[in-house]
Amino acid sequence: MTLPTLELPPSSLADIEIASPESAIDSGSAYYSPPWANTSIIGIAGSSGSGKTSLSVAIIRELSLPWVVILSMDSFYKPLTAEQSAAAFRNEYDFDSPEAIDFDVLVEKLRDIKSGKKADIPVYSFEKHSRLDKSTTIYSPHVLVLEGIFALHDQRVLDMLDVKIFTEADSDLCLARRLVRDIKERGRDLEGCVKQWMSFVKPNFTKYVEPQRNVADIIVPRGIENKVAIGMVSDRIHKTLREKSIQHQSELRRLGRVAEVTPLSPNVIELPQTNQVMGITTLLLSPLISREEFIFYFDRLTVMLIEKAFEEGLCFSPHIVSTPADNAYSGLQHSGEISAVVVLRGGSTLETGLKRVVPDCRTGRLLIQTNFRTGEPELHYTKLASDIAEHRRVFLLDSEMSSGGSALMAVRVLLDHGVAQERVVFVTYSAGKMGLNRLMAVYPNIKVVLCNISTDMEPRWIEERYLGC
């Protein structure tokens, strides 16, 4: 029995305490790296039909993690000319040569994912032999599995891989698997599949695919049956993720130390403490108030918060209207689209107030929860407008902010989707000074609008009172 060979490279993770991007230094802001930055990428290459996809699924099952994504190199076939497309339908176009893959686009998308940015992945149709006019989005995976016959071919790709795997299988088994897949899933006929195998797949394996075996860290015979190799990959990735988790917690603690000696930013705007605001706050803090009354008064205060956020965060342009009395009135109108992003579930308590001020406001969703074992915020769900980067202002809504960890992550998500710092307005009922200083140290150009500054590390209580659970 052939055992897998193992030569795993040392971890490429940088020490967050020391390494800071030049952009952060130039802007005078502190550096914060989200948990999904420096994504661990596993490359799996091998002959067509060697079991790359099955092995990828087996590795994911063994990892048992929620933030793992499989990226197939099939998505990166180059668009064909009319002549090439006609040849493809005759099974006379070579899809098994490196020239058929758009490595430049692949490298660009991998670099975006590796740096924590959103990546739009093209969708390829094998029935039409062309890219479709749509894409899929990959964002914030902790682990990415890149599988394809040329996953270990391009040096630029190799430089980004944490683990390099080559799968091996008997050639007759590979042919049988390919026939079943292409006929059942891709609408091919038996004669065309055999023609393509003999003309392109078989000769190109010796020429292009097999040499990738020499750069692999792990050579996996027998695919998903090789439990030893799968376990080795899983152990390596788990170790890397533990290192990243420790570094992320260390960075949050460092930001906390910075926050202790930092004065409050002028971009933190507190709602004026009028008699009305103080009266409503007194009612909200009373343990005797009923849930119905709590919701009523909290919604009233939320309207005032949203209005203050609009006052601080909006841009207006001159606009002349004709009045019912046929007079010209020189007024103002909003310039650019405004949207909101709700940080679940606390941010949902501010939605009623938002809709009362802007009934047609487009809203997105983020689900960020704290891991009870590590104390780290974790991103579980993202739903944002596709054109959010073009919006003039984006209001980020959350009921409370304590340590600032979730707020840091939420703002980072918006920035990764192309929203400029200057366009983000964080709206919350209360926030601790340490959390505010952490947030503003990293993102000094955003604005924060809140009702009051609470004690540090105050437990979240508003959503429980408002939602009743």
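Thr 167 is buried, with a relative accessible area of 2% (buried means under 20%, exposed over 50% and partly exposed in between, with a 1.4 Å probe and protein chains only). This residue lies in strand S6, residues 163–168; helices (H or I, at least four residues) and strands (E, at least two) are DSSP runs numbered from the N terminus. Leaving aside residues up to four places away in sequence, Thr 167 touches Ile 44, Ala 45, Gly 46, Ser 47, Ser 50, Lys 52, Leu 55 and Val 220, a contact being heavy atoms within 4.5 Å.

The model is predicted: local features need pLDDT of at least 70 and side-chain atom pairs count only at pLDDT 80 or more, while totals for chains, interfaces and linings use all residues. Residues are numbered from 1 along each chain as its sequence is written, and side-chain values use heavy atoms, without hydrogens and water.

The largest nonpolar core has 39 residues, and Leu 71, Met 73, Leu 106, Leu 110, Leu 146 and Phe 150 have the most contacts inside it. Such a core is a set of buried Ala, Val, Leu, Ile, Met, Phe, Trp, Tyr and Cys residues joined through side-chain atoms within 4.5 Å. Helix H4 (103–114) is among the elements that give two or more residues to this core, and H4 supplies its largest share, 6 residues. A second, separate core of 33 residues includes Val 268, Ala 407, Val 424 and Ile 446.

Strands S9 (residues 316–322) and S10 (residues 328–334) run antiparallel and are joined by 7 bridges; strands pair if DSSP finds at least two bridges between them. Ser 330 in S10 is the bridge partner of Ile 320. This hairpin has 5 residues between the strands, and Asp 326 takes a positive phi near 65°.
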